[in-house]
Amino acid sequence: MSVPDPSEQPLLKMTEVAELLDVSLSNVYRMVRDGTLPVVYLGGKKSSRVRTADFRAFLGLDHGGDE
């Protein structure tokens, strides 16, 4: 599985993030708790997602001139 384009898939499920990083789901949630991986909450914190753009930046895939 490759990291999708943010314009095609703006949000990633936690399970998708775990698969892309080849780590367990508990490791993904640990990164969220530690503040390493930013998330957005949907439905009053019932569901969490990672913005694809944030994930790509986390991996160092996108180097824009906006900063």
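Predicted model: local features only at pLDDT ≥ 70, side-chain atom pairs only at ≥ 80, totals over all residues.

Modeller: A residue counts as buried when its relative accessible area is under 20%, as exposed when that area is over 50%, and as partly exposed in between. Pro-4 has a relative accessibility of 13% and is therefore buried. This proline belongs to the segment before strand 1, which spans residues 11–13. Leaving aside neighbours within four places in sequence, Pro-4 is in contact with Gln-9, Leu-12, Leu-20, Thr-52 and Arg-56.

The account now turns to helix 1. The buried residues of helix 1 are Met-14, Glu-16, Val-17, Ala-18 and Leu-20. They pack against strand 1, helix 2 (25–34), strand 3 (47–51) and helix 3. In an α-helix, residues three or four places apart point the same way, because there are 3.6 residues a turn.

Apart from neighbours within four places in sequence, Glu-16 is in contact with Met-1, Gln-9 and Leu-11.

The packing of helix 1 on helix 3 can be described in terms of geometry and of residues. The axes of helix 1 and helix 3 (residues 52–59) come within 12 Å and cross at roughly 25°. Helix 1 is therefore roughly parallel to helix 3, and the crossing of helix 1 and helix 3 is right-handed. At this crossing, Val-17, Leu-20 and Leu-21 of helix 1 meet Phe-55, Phe-58 and Leu-59 of helix 3. Just after helix 1, Asp-22 adopts a positive phi of about 60°.

The charged pairing remains to be described. The structure holds one salt bridge. Arg-51 forms a salt bridge with Asp-54, with 3.8 Å between the closest N and O atoms. Arg-51 has a relative accessible area of 42% and is therefore partly exposed. Asp-54, with a relative accessible area of 26%, is likewise partly exposed.

Key: Residues numbered from 1 in each chain as written. Heavy atoms only, no water. Contact = heavy atoms within 4.5 Å. Axes fitted to C-alpha atoms, helices over the stretch in contact; angles between N-to-C directions. Helix = DSSP H or I, 4+ residues; strand = E, 2+ residues; numbered from the N terminus. Parallel < 35°, antiparallel > 145°, perpendicular 65-115°, else oblique. Left-handed = near helix turned anticlockwise from the far one by under 90°. Buried < 20%, exposed > 50% of the residue type's maximum accessible area, 1.4 Å probe, protein only. Salt bridge = Lys/Arg side-chain N within 4 Å of Asp/Glu carboxyl O.
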